[in-house]
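Please open the model in your viewer and keep the selection tool at hand. The tour below goes from stop to stop, saying at each one what to select and what is found there.

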Amino acid sequence: MLPALTSDRFTTQTGWRLLVQVPEPDCPRVIAAVIAQDPLVWGDYDRVTFAAPGQQRFRSLPGGANAPTSDAVSVPCLELSFFLSGDAARLDAVLNAIYHVHPYEEPVVLVVPALRTCHIRGLDEDNPNRFWNREAADWVPDTHRRDVAGPPQSQGTVSRQA
């Protein structure tokens, strides 16, 4: 069971963390299929995903589309992860979309109950640790760099509904 947390710094929301192992060339197609079902909103952002490189190892057993193998084989892949809020119908739609575009006969997909946090807008914007209050690091995207330090200026209201 996930804990009930209260904070004046952030809000919480329950949902699922999905982890999908996929060959790197197919990852954009899987992400596009997921986003077609859910925008993956996280606070003031959407399309929020994470992909970590790794090696998937497996041995094919008799009965599948592939010939059985005597030893495990290795495939370089990414582990794509993202948070999904909402009800079971949303989860079902996303899982079906993944299965539709995934190149494997048996996609490795894990669905884990999760609790996420989202900042409360307007708090802590003068914190010197925020990237906009210090010299821009190499990782800061060009579109988020600015000449003057200070919190980003709002460019319109963004819905925070997930």
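**Serine 81 and its contacts**

Select serine 81 first, together with Arg17, Leu18, Leu19, Thr49 and Phe50, which serine 81 touches when residues up to four places away in sequence are not counted; contact here means heavy atoms within 4.5 Å. The model is a predicted one, in which local features need pLDDT of at least 70 and side-chain atom pairs count only at pLDDT 80 or more, while totals for chains, interfaces and linings use all residues. Residues are numbered from 1 along each chain as its sequence is written, and side-chain values use heavy atoms, with hydrogens and water left out.

Serine 81 belongs to strand 3, where helices (H or I, at least four residues) and strands (E, at least two) are DSSP runs numbered from the N terminus. Its relative accessibility of 9% makes serine 81 count as buried, a class that means under 20% relative accessible area, with exposed over 50% and partly exposed in between (1.4 Å probe, protein chains only).

How many aromatic pairs does a search of the whole structure find? The search finds one, where rings of Phe, Tyr and Trp (its six-membered ring) pair if their centres lie within 6.5 Å, and planes under 30 degrees apart count as stacked, over 60 as edge-to-face and the rest as tilted. The ring centres of tryptophan 42 and phenylalanine 83 are 5.8 Å apart and the planes stand at 70°, so the pair is edge-to-face. Phenylalanine 83 is buried at 7% relative accessibility, whereas tryptophan 42 is partly exposed at 32%.

**Two positive phi values**

In the loop between helix 1 and strand 2, select leucine 40 and arginine 47. Phi is near 55° for leucine 40, a positive value in a residue other than glycine, and phi of arginine 47, also not a glycine, is positive as well, near 60°. Are these residues buried or exposed? Leucine 40 is buried, with a relative accessible area of 2%, while arginine 47 is exposed, with 57%.

**Glutamine 56**

Move on to strand 2 and select glutamine 56, which at 7% relative accessibility counts as buried. Its side chain makes a polar contact of 3.0 Å with the side chain of tyrosine 104; such a contact is a pair of N or O atoms within 3.5 Å, where within protein one must be able to donate a hydrogen and the other to accept it, and residues adjacent in sequence count only if both atoms are side-chain atoms. Leaving out residues up to four places away in sequence, glutamine 56 touches several others, including Gln21, Val73, Cys77 and Val108.

**Histidine 119**

Finally, select histidine 119 in strand 4 (residues 108–119), a residue that is partly exposed, with a relative accessible area of 32%.
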